[in-house]
Amino acid sequence: MTRWWQALVGAVVMASVVGLISSAEGLCADDGSEPSSADAAGASTEALIAQALVDITSDEVEVRKAAAAVLINHGDIGLIPKLDEIREAGGRAVRVAIKPVVDMLKNRANLSNESSDSRRSAASDLAMAGRVEAIPYLKQAAEKEAVWWVRYTMDESANLLELQSDDSTVQLAAVKALGELRSQNSVSKLQELIDAGTAEGATDQQRTVATAATAAMSQIESWSWWASSMETLFRGISLSSILLIMSLGLAIVFGLMGVINMAHGELMMIGAYATFVTQQCFIAWFSPDVFDWYFPIALPVAFLAAAGVGWVLEATVIRFLYGRLLETLLATWGVSLILMQAARVYFGDLTAVIAPQALRGGAQVMVGVYLPYNRLFIIGLTIICVICIYYLLFRSNLGLRVRAVTQNRNMSACLGIPTRKVDSYTFAFASGLAGVAGWALTMVGNVDPGLGQNYIVDSFMVVVTGGVGKLAGTIWASLGIGGLNKLIEPISGAVYGKVFILVGVILFLQWRPQGLFAAKGRSADA
């Protein structure tokens with residue numbers, strides 16, 4: 001930074017301040033009153049800020065630090081445009097000195113932002129910056145905060161900053177508060193206090209703080225175990241929901257027709273790509289204001305696209321292979337390869353669907369337990385699908401026909417039930433369910449040609465373990481396999497976790513070959 005630039009900046013800033021002071025004095029002289037102490041304090045603060053804006057461009061490090069401290073303590077967000085101008089024209093040293101000032105002023109202003117996410121992010125950033133000047137602002141904002149999780153973050157940030165205090169009383173209060181808050185972010189800081197208090201030559205005050213920090217760490221670790229267990233349970237339910245919505249159609253087809261449909265995963269892929277195409281149509285033809293509506297509209301599109309492909313597949317391939325398990329397995333596996341390559345040629349290897357605003361983020365239900373909205377949505381969708389399928393199968397005439405064909409195809413045909421039509425419609429409906437699964441899965445991952453391959457094996461294990469054609473068995477098997485998968489993964493890893501699940505399913509089927517819910521009565525002997 002050259003001397004002429006410092007002189008120019010100083011002259012401009014000082015001229016502005018002098019003008020303001022002169023205007024204030026003129027106003028006072030006009031009305032015949034003496035300047036008040038508040039006016040004098042305001043003018044003094046403005047002069048102090050003006051001088052700090054000049055000193056921030058100094059070549060001396062200590063002068064820049066002192067100027068930054070003045071701007072942080074007395075400035076507000078209105079200074080940011082001036083600081084940006086100085087930063088753009090200044091050198092690297094000036095930019096380094098100005099950055100924490102700008103960050104501090106922005107975060108301090110964001111503590112009163114309308115968005116709860118912005119307020120919480122500002123509180124976290126202030127704690128990470130380590131500026132103790134932010135403590136009173138955090139405490140003041142916490143007193144006014146209505147959202148409990150944002151207030152929690154503000155309290156946590158203020159106490160984290162108070163750990164830097166030289167007063168052991170303040171440190172002890174902060175340590176106790178962080179333990180009561182079960183703050184995971186304070187673990188490293190508390191460990192530093194423990195190490196300092198247990199080192200040779202530690203003072204009595206350090207030992208006292210270390211003892212309190214040890215008790216706080218115990219509280220945090222105990223709660224962390226419970227929070228981790230609850231998150232593992234939620235992840236298991238989430239995976240189980242995905243497997244269940246994928247397995248519902250597979251269970252109906254397998255139980256009704258005795259068909260092993262290896263292309264079921266690709267039908268799910270078709271639903272995902274139908275969602276992607278719907279999104280692209282909204283981007284191309286509709287206003288951005290209605291963009292989020294693409295997702296609900298994509299639901300019937302995904303269902304109909306997958307159902308249509310399933311209906312064609314049943315009419316052209318599967319209809320001629322009923323009762324021949326090996327042939328249907330090989331034929332549908334070939335169809336799955338064709339569909340994957342077609343998707344790869346047309347769409348490429350990787351595409352993505354933008355989640356609607358309502359499904360972004362998540363709910364912080366308690367300390368350490370965060371539930372993403374997209375996963376909660378999939379769980380809710382699965383519950384709705386199960387209820388609808390239960391009503392369709394057990395409370396409707398169509399369901400009565402489907403169950404009749406499933407139990408005894410020949411007798412159903414003799415009673416006038418069109419078994420071929422039932423097969424065709426049921427296969428199309430089951431394929432549509434796979435499309436719905438693909439529609440939902442776009443919220444938790446990318447869309448690629450191999451999307452269905454990630455779930456098809458687990459889905460078959462769910463169907464076989466639960467009992468062929470048994471809705472209740474499919475539900476319980478998906479909960480068991482999904483939950484065990486997420487329980488084993490942290491211990492053995494994802495690959496070995498799937499291996500252990502597969503071995504467990506094989507051993508279970510050796511004990512109960514017909515699954516959890518076996519067929520009873522004459523249908524069991526058919």
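Predicted model: local features only at pLDDT ≥ 70, side-chain atom pairs only at ≥ 80, totals over all residues.
## The whole chain

Let's start with the overall picture. The chain has 526 residues, and 42% of them are buried. Its secondary structure comes to 21 helices and 2 strands.

How much accessible surface does the chain have? The total is about 27400 Å², and carbon and sulfur atoms account for 62% of that. As for contacts between residues at least 6 apart in sequence, 71% of them join residues at least 24 apart.

## A nonpolar patch on the surface

Now for a spot you can find on the outside. Trp 285, Phe 286, Val 290, Trp 293, Ile 297 and Val 301 form a nonpolar patch on the surface. Together these residues have about 650 Å² of accessible area.

One member to look for is Ile 297, which sits in helix α13, a helix covering residues 294-316. Ile 297 counts as partly exposed because its relative accessible area is 40%, between the 20% and 50% cut-offs.

## A buried isoleucine

Is Ile 456 buried or exposed? Ile 456 is buried, because its relative accessible area is 3%, under the 20% cut-off. You will find Ile 456 in helix α19, which covers residues 456-466.

Which residues does Ile 456 touch, leaving aside those up to four places away in sequence? They are Met 246, Leu 250, Asn 261, Met 262, His 264 and Gly 265. Take Asn 261 as an example: Asn 261 and Ile 456 are 195 residues apart along the chain, and their C-alpha atoms are separated by 9.6 Å.

How values were computed
Residues numbered from 1 in each chain as written. Heavy atoms only, no water. Helix = DSSP H or I, 4+ residues; strand = E, 2+ residues; numbered from the N terminus. Buried < 20%, exposed > 50% of the residue type's maximum accessible area, 1.4 Å probe, protein only. Contact = heavy atoms within 4.5 Å. Areas by Shrake-Rupley, 256 points an atom, 1.4 Å probe, with all protein chains shown as cover. Patch = residues over 30% accessible without salt bridge, like charges linked within 9 Å, V, L, I, M, F, W, Y side chains within 5 Å. Salt bridge = Lys/Arg side-chain N within 4 Å of Asp/Glu carboxyl O.
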